[in-house]
Amino acid sequence: MTAGDSASGAPFGLTAKRTATTGTDIERTVRPRVRRGLGGWLLIAVPYLWLLTFFLAPFFIVFKISLSEVAVAIPPYLPTFDLAAGWDDFVSGITALSIDNYLWLTEDSLYWKSYVSSIVIAATSTLITLIVGYPMAYGMARAPKAWRPTLLMLVILPFWTSFLIRVYAWIGILKTEGLLNQFLLWVGLIDTPLTILNTNVAVYIGIVYSYLPFLVLPLYATLEKLDESLLEAASDLGSPPWRSFWTITVPLSLPGVIAGCFLVFIPAVGEFVIPDLLGGSDTLMIGKTLWTEFFNNRDWPVSSAVAVLLLLILVVPIVLFQNHQQRATEKGR
Amino acid sequence: MRNGPSWFNVTSVALGLGFLYLPIVLLVIYSFNDSRLVTVWGGFSTRWYGEMLNNQQLLDAAWVTLRVAFLSASIATFLGTLAALVLVRSGRFLGRTLFSGMVYAPLVMPEVILGLSLLLLFVAVDQARGFWTIIIAHTTFAMCYVAVVVQSRLTGFDASLEEAAQDLGCPPLRTFFSVTLPIILPSVIAGWMLAFTLSLDDLVVASFTTGPGATTLPMKIYSQVRLGVTPEINAISTVLVGLVAVVVIAVSLMTKRQEVRRQRDIRLAEAQQA
């Protein structure tokens with residue numbers, strides 16, 4: 001069994017409920033070695049080959065190009081050896097590779113600042129999302145049973161509508177002459193419009209808004225499963241509600257909290273659209289840096305090196321997440 | 001529920017949903033604003049919808065996007081369903097761990113990395129970029145979402161149904177079409193829809209893998225948004241949001257009805273047995 005086998009290891013909100021409630025009893029049985037004919041092999045080969053070609057192989061190319069030199073050419077990097085050109089060319093290609101791009105990333109403070117700032121922004125937004133999302137998931141899980149499917153649908157629906165459009169909608173709200181400032185001026189809370197758009201605050205709002213469903217859904221799934229007799233027992237024994245909440249509900253909902261936080265944090269680190277549209281020129285995020293390096297500076301080798309490092313940074317939380325999910329499914333049995 | 005919903009629970013859910021929906025609602029309202037200044041209300045008007053329909057570039061982009069989304073969602077549903085079958089039903093085989101890793105990794109992979117790596121692949125094999133390279137790129141990440149959706153359905157149902165069919169001499173392919181597929185169909189449809197909307201929505205991966213002549217709607221919207229908010233974009237956005245909402249609600253109602261019918265059939269069969 002690998003971590004990836006658990007269906008609930010999927011960072012996909014829509015399935016969170018189903019996998020959490022029905023469990024995956026198939027996985028409990030020892031995976032048999034199935035006898036398979038030609039059809040069986042073909043079944044494996046088709047998706048396997050597709051993913052090998054279009055998902056795995058490209059990473060090796062990124063890695064190779066991250067070791068190349070930038071050049072004014074098409075494509076804009078050197079050396080451009082290909083395997084068909086024979087062994088000698090291959091060897092000369094290998095010897096021309098260098099780690100200069102990675103050294104460059106350590107020398108120019110823009111890059112490591114982008115990495116650090118991406119992680120800080122992603123972590124902060126994850127925390128805010130948790131603070132906003134927990135009461136919401138809790139309220140949904142405690143709603144009358146007949147309402148729950150509708151509430152769930154209402155949380156999922158924005159997730160289906162365009163991400164770009166939802167981020168765009170915030171521009172009209174947050175800008176200086178935008179709707180939020182108009183409202184606050186009208187109420188009389190402020191005298192001069194606030195500058196929110198093109199600051200980090202706007203980025204936080206954008207990330208919390210866009211990723212809220214990712215946190216609410218797994219959290220809701222764990223909170224809904226929570227055995228209410230535990231809370232009743234506690235209250236019968238004289239525990240006040242807030243104390244039952246901290247000593248029973250919170251610890252039992254921890255798997256959902258952790259899963260939800262990873263689902264917000266991991267994609268937020270590499271986010272491009274939100275910092276680009278809502279952030280300011282001083283908002284440093286690595287996805288944006290990579291984009292600029294690639295599309296504006298046309299430095300393919302350096303953007304490849306940025307991508308490789310980003311991947312290395314994300315491998316740690318991804319593996320942690322997978323392990324956590326696997327433990328959670330095993331415990332749930 | 002013993003105590004019924006408390007005011008705290010109701011408030012937090014209402015605030016949360018308000019937060020999720022208010023921006024979209026405002027966007028829709030202001031798409032009917034007569035004024036060119038997006039945030040000043042100048043009376044009700046549908047003129048921006050008219051302008052949108054006269055914007056040929058925009059319509060071209062929309063057409064490209066719809067074709068890309070349809071084709072990539074269809075290929076992704078095919079490949080993703082196969083991948084789900086492999087994960088759940090194929091037992092052990094060499095490279096299984098790698099395979100499941102490759103299915104799950106794209107779900108959390110930053111789009112900039114997916115886009116960049118595919119572009120570099122296309123450049124390395126000297127493939128001209130455009131319509132088909134976007135389709136390949138979208139298929140690649142969408143099939144993983146389809147695989148996850150279908151997989152969760154496959155793990156939820158009894159493999160003994162398929163085994164019974166095969167024991168009775170039904171060939172594997174026929175077993176799949178007459179036993180497995182009808183049961184997993186709702187999840188296959190959901191997977192297709194998810195793949196479709198993911199493709200419809202994607203800006204980053206498409207920007208990396210596109211070439212001359214293939215501009216998708218998100219790319220078009222993005223380049224206009226960078227120049228500022230316009231009522232016309234509000235109008236397109238409203239159309240897109242409305243389209244997705246109608247389709248999602250319709251399909252979920254449909255699959256729900258199908259599920260209810262299936263449950264009824266199961267009960268009926270059980271009753272007859274008894």
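**A guided tour, beginning with chain B**

Select chain B of this predicted model: among its contacts between residues at least 6 apart in sequence, 70% join residues at least 24 apart. Keep the whole chain in view and display it by secondary structure. Chain B contains 11 helices and zero strands, so its elements, as defined by DSSP runs, read α-α-α-α-α-α-α-α-α-α-α along the sequence.

Next, colour chain B by accessibility. Of its 274 residues, 55% are buried. Then show the surface of chain B, whose accessible area is about 12,400 Å². Carbon and sulfur atoms account for 66% of that area.

Turn now to chain A and select Phe183(A), Trp186(A), Val187(A) and Leu189(A). These residues form a nonpolar patch on the surface, and their accessible area together is about 520 Å². Within this selection, centre the view on Leu189(A), which lies in the loop between α8 (179-187) and α9 (200-225) of chain A. Is Leu189(A) buried or exposed? Leu189(A) counts as exposed because its relative accessibility is 64%, and the cut-off for exposed is over 50%.

The last stop concerns cysteines. How many disulfides does the structure hold over all chains? The number is zero. Select Cys261(A), which counts as buried because its relative accessibility is 17%, where buried means under 20%. Finally, move to chain B and select Cys170(B): with a relative accessibility of 17%, Cys170(B) therefore counts as buried.

Methods. Residues numbered from 1 in each chain as written. Chains lettered and ligands numbered in written order. Predicted model: local features only at pLDDT ≥ 70, side-chain atom pairs only at ≥ 80, totals over all residues. Heavy atoms only, no water. Helix = DSSP H or I, 4+ residues; strand = E, 2+ residues; numbered from the N terminus. Buried < 20%, exposed > 50% of the residue type's maximum accessible area, 1.4 Å probe, protein only. Contact = heavy atoms within 4.5 Å. Areas by Shrake-Rupley, 256 points an atom, 1.4 Å probe, with all protein chains shown as cover. Patch = residues over 30% accessible without salt bridge, like charges linked within 9 Å, V, L, I, M, F, W, Y side chains within 5 Å. Salt bridge = Lys/Arg side-chain N within 4 Å of Asp/Glu carboxyl O. Disulfide = S-S within 2.5 Å.
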